[in-house]
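Thanks, everyone. I have one structure to go through this morning, and I will keep it short.

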Amino acid sequence: MYEYTLFVIARAVHVVAVVLWIGGVAFVTTVLIPALKRLAEPEQRLQLFESLEGRFSLQAKFVTLTTGLSGLYMIDFTQSWQRYLYIEFWWMHLMTLVWAIFTLVLFVLEPLFLHQWFHRQAMKNSEKTFNLVHRMHIFLLSLSLIAVFGAVAGGHGVSFTP
């Protein structure tokens, strides 16, 4: 009984972490970046983006890590590693891919070079850079929402494969 309670807690933590993570990505994609793109001054746009995104970055790192750890615990608890071998569990593949992309960006690429690259590009051509960043966020948000939809439906037994 104790082990099952831990599993339920892990699932609840996982869902809350995903809500905070993907909800934050949705806010950045649909509200923050479009609002910043409308600002007249490129320097002001860049400064405001870095200030606000920097605050969200810490939250994103925490909830992404929490999502990964709780997901790993749930897979291990249910001994469902074999699901990765079957296409009908495509949503698990997609969830893992989305998590891996965000984790790679947040913990490796951004600190190593993405932050500096973005700053340099935005100083050269703010409009072009913000449009590119916006398109990337739209793509990642779309993948994330498909993964969430598939996970909720698939987790309740709905199969999208013939």
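I will take the helix pairs and then the pockets. Keep in mind that this is a predicted model.

Two packed helices are described by the angle between their axes and the distance between the axes. Start with helix α1, residues 2-37, and helix α2, residues 42-78. Their axes are 8 Å apart and the angle is about 155°. Angles over 145 degrees count as roughly antiparallel, so that is how α1 and α2 run relative to each other. The crossing is left-handed. The contact of α1 with α2 has 22 nonpolar, nine polar and four charged residues.

Now the other pair, helix α3, residues 90-124, with helix α4, residues 126-155. Here the axes come within 11 Å and cross at roughly 165°, and α3 and α4 are therefore roughly antiparallel. α3 passes α4 in a left-handed crossing. By class, this contact has 18 nonpolar, seven polar and one charged residues.

Which residues lie nearest its centre? Those are V105, E110, L114, V133 and H137, out of 23 lining residues. α3 gives the most to this lining, with nine residues. The lining has 17 nonpolar, three polar and three charged residues.

That is what I have.

Technical notes
Residues are numbered from 1 along each chain as its sequence is written. This is a predicted model: local features need pLDDT of at least 70, side-chain atom pairs count only at pLDDT 80 or more; totals for chains, interfaces and linings use all residues. Side-chain values use heavy atoms; hydrogens and water are left out. Axes are lines fitted to C-alpha atoms, for helices over the stretch in contact, and angles run from 0 to 180 degrees between N-to-C directions. Helices (H or I, at least four residues) and strands (E, at least two) are DSSP runs, numbered from the N terminus. Angles under 35 degrees count as roughly parallel, over 145 as roughly antiparallel, 65 to 115 as roughly perpendicular and the rest as oblique. A crossing is left-handed if the near helix is turned anticlockwise from the far one by less than a right angle, and right-handed if clockwise. Ala, Val, Leu, Ile, Met, Phe, Trp, Tyr, Cys and Pro count as nonpolar, Asp, Glu, Lys and Arg as charged, and the others, Gly among them, as polar. On a 1 Å grid over the protein atoms alone, a cavity is a set of points where a 1.4 Å probe fits but cannot get out, and a pocket is an open set with protein on both sides within 12 Å along at least five of seven lines; lining residues have an atom within 4 Å of a point.
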